Each structure stands twice: as structure tokens, then as C-alpha cells.
Amino acid sequence: MTQSPKSCGACSACCKELTFELFGALKPGGIMCEHAKPPHGCSIYHNRPHICRAYHCGWHHLPSLGEEWRPDVSEVLITFRNGPTPDGKKDGIDFMLTGDRARITWLPLVRYIATLIVDGDPVYLSLPGEPGHQSPWVYLNNIP
């Protein structure tokens, strides 16, 4: 993965939507991390834990995606999934709708997902769960 000149700006979607362990406690999805201070970023940025340092935002690392794809603008958080897919492929890309579920009809999203599937890239679609619960997801490549 290459580094990106893109800036998070006021975006803190990953700080809210993702579930992760932070200093020995579980930070549940759908609840803003206590260290996130939107729109100013992370209050412990220079001392943030490894989980935060290691997170790769898809918008940052996919050079073809412009500013309209920034998660707080697009309401789509793109995350790379590691590990086998339901049909045995490796890795994948997860598109989590973080706002209105009608966003699934956003034409750039539909086109991008369709292109990835045609190219054989594993694609998942996630919807935000209830705050504190895992987001429901579907693997799109094997839908008839």
C-alpha cells in the first residue's frame, strides 16, 4: 500500500464506526472514541495505540478515489479485510455505509463495487449496527 497525500481533515468516521481494543478496553462500533475530538482529530494522536496507527482507510490508500469519497463526505467507510473470504479468496474490501442506507444507490459507489466484482476482487457491504454491536455485512461476490 502506498502512502497518500490525502488528509483526514474533519473526518473521524473510523473513530466512530469501527470496533477495536483501546488500552485494554473494547471501543464498540457506532460509538465515538473518547479520544476523538471532531473536527480537530485525535487528542492522543502522537501516543495513539498500534491499532489506530495500523488502520488503513481505503479512501486514503486507493488513489483513484477523490475527495467526494472521503468517509465523512461520502458516508462510506472503506476498510481492507484480511483473511479468507467465504469462497476461499484472500483479503477483500469492505464498504460500510455510515449514514443513510439509501447511499447504496450512489452511482459512483455502485460503479466502483461492480468494477471490483467483475475484476474478481472480494467485496463486502456493511451497514452500521446498533451502537455497540457488530455491523451486519454481506459478501457480494457470490450473490446469484
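**Close-up A. D94 and its salt-bridge partner R81.** D94 is buried, its relative accessible area being 8%, where buried stands for under 20% relative accessible area, exposed for over 50% and partly exposed for the range in between (1.4 Å probe, protein chains only). Its side chain meets that of R81 in a salt bridge, with 3.3 Å from N to O; the term denotes a side-chain nitrogen of Lys or Arg within 4 Å of a carboxyl oxygen of Asp or Glu. The pair links distant parts of the chain, R81 lying in strand 3 and D94 in strand 4, 13 residues apart. R81 counts as partly exposed, at 22% relative accessibility. Helices (H or I, at least four residues) and strands (E, at least two) are DSSP runs, numbered from the N terminus. This is a predicted model, in which local features need pLDDT of at least 70 and side-chain atom pairs count only at pLDDT 80 or more, whereas totals for chains, interfaces and linings use all residues. Residues are numbered from 1 along each chain as its sequence is written, and side-chain values use heavy atoms, with hydrogens and water left out.

**Close-up B. The salt bridge between D72 and R70.** The structure holds 2 salt bridges, and in the one formed by D72 with R70 the closest N and O atoms are 2.6 Å apart. D72 is partly exposed, with a relative accessible area of 35%, while R70 is buried, with a value of 14%.

**Close-up C. Surroundings of T85.** T85 is found in the loop between strand 3 (76-84) and strand 4 (90-97), and this residue counts as buried at 6% relative accessibility. When neighbours within four places in sequence are left aside, T85 is in contact (heavy atoms within 4.5 Å) with D91, P122, Y124 and Y139.

**Close-up D. The largest nonpolar core.** This core has 18 residues, and those with the most contacts inside it are L65, W69, I78, F95, L109 and Y112; a nonpolar core is a set of buried Ala, Val, Leu, Ile, Met, Phe, Trp, Tyr and Cys residues joined through side-chain atoms within 4.5 Å. Two or more residues are given to this core by each of strand 3, strand 4, helix 5 (107-118) and strand 5 (123-126), and the largest share, 4 residues, comes from helix 5. L109, leaving aside its neighbours within four places in sequence, is in contact with W69, V76, F95, L97, R103 and I104. Apart from this core lies another, of 9 residues, among them A13, L18, L22 and C33.
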